[in-house]
Amino acid sequence: MKCINKKTRILAAAFCMFLLFTACGEEVTIEHPYDVYESPRAYGLNTTVSGNESEQSFFSRDLCVAGTEDVLSDSVTASLSEAAGLFDIQENNLKFGKNIYGRIYPASTTKILTAYVAMKHGDLSKTATVTEQELQLEEGSSTCGLSVGDTFSLEELLYGLMLCSGNDAANVIADLVAGSTDAFAKLMNQEALALGATNSHFVNPHGLHSEEHYTTVYDMYLIFQAALKEEKFVSIISAQSHMTSFSRSTGETASMNWENTNKYLNGEVETPEGIQVIGGKTGTTNDAGYCLVLYSKNSRDVPHISIVYKSDSRENLYHEMSELLMESAK
């Protein structure tokens with residue numbers, strides 16, 4: 001599905017300005033009503049001039065603008081998950097879409113936004129010492145092995161967050177960047193809205209279940225695409241493993257090796273031929289099912305974002321994701 005044509009959007013913006021002025025009771029005469037370059041500039045739209053043309057900057061100019069109808073393919077088994085999407089982020093096309101605006105629990109794919117907010121509002125070199133409260137997590141939570149008194153830099157914590165999906169790292173990051181989980185959640189919602197993710201709401205940095213913590217496939221596409229613009233983010237999610245260095249409470253230097261939970265990167269699932277999986281984020285809870293968000297490139301070096309939410313098993317999750325990856329090769 002193609003995004004809206006640029007000239008069409010400019011004309012639409014000019015028409016809206018016309019309605020705004022006439023609604024206020026002032027008579028407006030447009031000398032060149034069908035000139036999509038002259039009219040916006042004449043009526044106060046924010047334009048930049050390049051050569052003989054004026055170009056309006058639109059929020060959606062670098063995004064895929066998708067409709068509400070599903071965009072399916074005979075090559076992708078749609079019954080394996082509740083929602084999924086395949087986005088060509090070079091041409092801004094939706095190549096596959098199933099329930100992309102439906103409300104979904106994101107589980108640990110939440111950590112994509114957590115990392116984005118931390119990089120935007122935090123200092124990667126700043127350190128934090130782990131507290132007992134930050135390690136109070138639900139039984140069975142995924143962690144990266146932090147202990148009370150350990151001291152890590154924000155950069156190292158991000159590896160623990162994204163590679164082995166550490167909920168403990170998420171709590172420490174929230175406190176380090178914003179002072180508390182609640183304050184960090186406010187930043188998350190603020191940044192999500194700024195990215196256009198208006199059908200999402202977040203209450204924690206790790207994605208453990210809450211009725212008030214949800215997103216959509218399309219919103220996660222918006223969030224993930226923004227995060228991918230950060231080189232450090234891409235470097236982290238593409239690492240198969242990371243040997244972290246930190247300080248114990250005794251002052252001695254210690255290390256741990258963190259492995260990526262992404263089965264394409266750790267070799268547990270074969271990547272379809274001609275596809276390079278660069279990285280992404282997994283997520284699993286009882287309510288969210290099995291989830292995966294991926295960044296990949298096909299043999300023509302065209303980048304794609306693929307998302308599968310609420311699959312009923314890990315096997316089906318990767319089966320559908322592999323079908324989406326093969327679809328991206330077309």
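Start your tour at α5 and α6, which are roughly perpendicular to each other (an angle of 65 to 115 degrees). This is a predicted model, where local features need pLDDT of at least 70, side-chain atom pairs count only at pLDDT 80 or more, and totals for chains, interfaces and linings use all residues. Residues are numbered from 1 along each chain as its sequence is written, and side-chain values use heavy atoms, leaving out hydrogens and water.

Select residues 167-178 for helix α5 and 181-194 for helix α6: their axes come within 8 Å and cross at roughly 80 degrees. Helices here are DSSP runs of H or I with at least four residues, strands are E runs of at least two, and both are numbered from the N terminus. Axes are lines fitted to C-alpha atoms, for helices over the stretch in contact, with angles from 0 to 180 degrees between N-to-C directions.

Now show the side chains. On α5, Asn 171, Ile 173, Ala 174, Asp 175, Val 177 and Ala 178 meet Thr 181, Ala 183, Phe 184 and Leu 187 of α6, with contact meaning heavy atoms within 4.5 Å.

Next, select residues 81-88, strand β3.

Look for Gly 85 opposite Ile 307 in β11.

Finish with strand β4, residues 93-98, an antiparallel partner of β3 over 5 bridges. Here Phe 87 stands opposite Leu 94. β3 and β4 form a hairpin with 4 residues between them, and Asn 92 in the turn has a positive phi of about 60 degrees.

Methods: Parallel < 35°, antiparallel > 145°, perpendicular 65-115°, else oblique. Pairing = 2+ DSSP bridges.
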